[in-house]
Amino acid sequence: LVQNDEYTAAQLGLFAKEVGEGGKRRFLVDTFAGFALAHAPDPTLERPQENLYEVIQDGRPCWLYFDLEYAKEVNEDVDAGAAMAAFRKTLAAFCREKLELEVD
């Protein structure tokens, strides 16, 4: 893809998909946008949930992911929207104070 001048190296990512027990993975190369579009959850389709990962490569920038979960049955009074707003506010404060970066 890069050699054919279809994409630059910065546009492509290496991803892994769990395909079996014992840590078996299939590796995929795609653009970040292409990967997101191809693997985004679609509530209209009945297909099993996939476990997908970005492979962090040495010397390349990577995306920061947060896997935010909580048990709803023991947190019945938690407003998910308010919890996300509080998380974003806390993250923005951390970035501003520790990294001197503004998050939009």
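Author: Here are the labels and the cut-offs behind them. The model is predicted: local features need pLDDT of at least 70, side-chain atom pairs pLDDT 80 or more, while totals for chains, interfaces and linings use all residues. Residues count from 1 along each chain as its sequence is written, and side-chain values use heavy atoms, without hydrogens and water.

Reader: What makes Phe 15 and Phe 32 an edge-to-face pair?

Author: Rings of Phe, Tyr and Trp (its six-membered ring) pair if their centres lie within 6.5 Å; planes under 30 degrees apart are stacked, over 60 edge-to-face, the rest tilted. Phe 15 and Phe 32 sit 5.8 Å centre to centre, with 80 degrees between the planes. So the pair is edge-to-face.

Reader: Which parts does the pair tie together?

Author: Phe 15 lies in strand 1 (residues 12-18) and Phe 32 in helix 1 (residues 32-39), so parts 17 residues apart in sequence are tied together. Helices (H or I, at least four residues) and strands (E, at least two) are DSSP runs, numbered from the N terminus.

Reader: Why is Phe 15 called buried?

Author: Buried means under 20% relative accessible area, exposed over 50%, partly exposed in between (1.4 Å probe, protein chains only). Phe 15 has 2%, so Phe 15 is buried. Phe 66, at 42%, is therefore partly exposed.

Reader: What makes Phe 66 and Phe 87 a pair?

Author: Their centres are 4.9 Å apart, and the planes stand at 75 degrees: edge-to-face again. Phe 87 is partly exposed, at 24%.
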